[in-house]
Amino acid sequence: MYAEMETNKEQLREGLKRSPRLKRFLDYLIMNQRDARPRWYVRLLAPLYQHRGSRSKIYWSARMDTPPYRRFWLGKRSVIESFCCINNAVGDVTIGDHTRIGIHCTVIGPVCIGNNVNLAQGITVTALNHNFEDVTKRIDEQGVSTKPVVIGDDVWIGANAVILPGVTIGRHCVVAAGAVVTKDVPDNSLVGGVPAKVIKQLTANC
């Protein structure tokens, strides 16, 4: 039954992609254009269209900007802490099992976060960039672009780190506090710095 519901949702999303005019109209009904977040009546319905795994928790102060035309998935026993902002308006956000999104973190899709991941405080994970190349137009007139971010299983990201668009972080990695990650991180790596570089490879004997 659940698989059938998910299939129906995906078919609806694909249909909207093929009808830009209808999508713009629904976007107006769903999104508060000034506040750039779902309208209050949409937020009330969020538990009906978000996937929240068993024993997962989203703290009441978290800002969940998750319109229903994109996918939001929170795995079992995962937690989104106080004062986080989760935004899937321009791309799906998927968070695996046994994962913790720490206080004051921001996640802007499309982002896929694996299982057993720990994000400390104040981290930004963003797949979105504003376009700015055309000097004859204001930046806010040039739209946005996205490059998916993928964070593998068993990753720890230190406080105030920034993960930028297009980055893939491999399995069993550590990102040092304050790092700005601009490039892919291979499995079993410790990275740090601005921009982040591999400091050491993690091994069974370290």
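Tutor: Gladly! We start with rings: the count of aromatic pairs comes to zero, where rings of Phe, Tyr and Trp (its six-membered ring) pair if their centres lie within 6.5 Å, with planes under 30 degrees apart called stacked, over 60 edge-to-face and the rest tilted. Keep in mind that this is a predicted model, in which local features need pLDDT of at least 70 and side-chain atom pairs count only at pLDDT 80 or more, while totals for chains, interfaces and linings use all residues. Residues are numbered from 1 along each chain as its sequence is written, and side-chain values use heavy atoms, with hydrogens and water left out.

Student: What makes the charged end of lysine 57 sit over the ring of tyrosine 59?

Tutor: The rule asks for NZ of Lys or CZ of Arg within 6 Å of the ring centre and within 35 degrees of the ring normal. For lysine 57, the charged end is 4.4 Å from the centre of the tyrosine 59 ring, and it is listed as sitting over that ring.

Student: How do you know that cysteine 84 is in no disulfide?

Tutor: A disulfide is a pair of cysteine sulfur atoms within 2.5 Å. The sulfur nearest to that of cysteine 84 belongs to cysteine 105 and is 5.0 Å away, which is too far for a bond. The structure holds zero disulfides.

Student: Where is cysteine 84 found, and what does it touch?

Tutor: Cysteine 84 lies in the loop between strand S7 (79–80) and S8; strands (E, at least two residues) and helices (H or I, at least four) are DSSP runs, numbered from the N terminus. Contact means heavy atoms within 4.5 Å, and the residues that cysteine 84 touches, leaving out those up to four places away in sequence, include Ala62, Ile101 and Cys105.

Student: Is threonine 94 buried or exposed?

Tutor: Threonine 94 counts as buried, because its relative accessibility is 19%. Threonine 94 belongs to strand S9 (residues 93–95), and its contacts beyond four places in sequence are Arg71, Trp73, Val111, Cys112 and Ile113.

Student: What makes S5 and S22 edge strands?

Tutor: Two strands pair if DSSP finds at least two bridges between them. Six strands form an open sheet with parallel pairing, in the order S5-S8-S11-S14-S19-S22. Strand S5 (63–65) and strand S22 (180–181) each have a single partner strand, so one side of each is left without a neighbour in the sheet.

Student: How do you know that S5 pairs with S8?

Tutor: Three bridges join S5 to strand S8 (residues 85–87), and the rule asks for at least two. Arginine 63, for example, stands opposite cysteine 85 in S8.

Student: What is the largest nonpolar core?

Tutor: A nonpolar core is a set of buried Ala, Val, Leu, Ile, Met, Phe, Trp, Tyr and Cys residues joined through side-chain atoms within 4.5 Å. The largest has 36 residues, and Phe72, Ile80 and Ile101 are among those with the most contacts inside it. A second, separate core of seven residues includes Ile30, Met31, Ala46 and Tyr49.

Terms used
Buried < 20%, exposed > 50% of the residue type's maximum accessible area, 1.4 Å probe, protein only.
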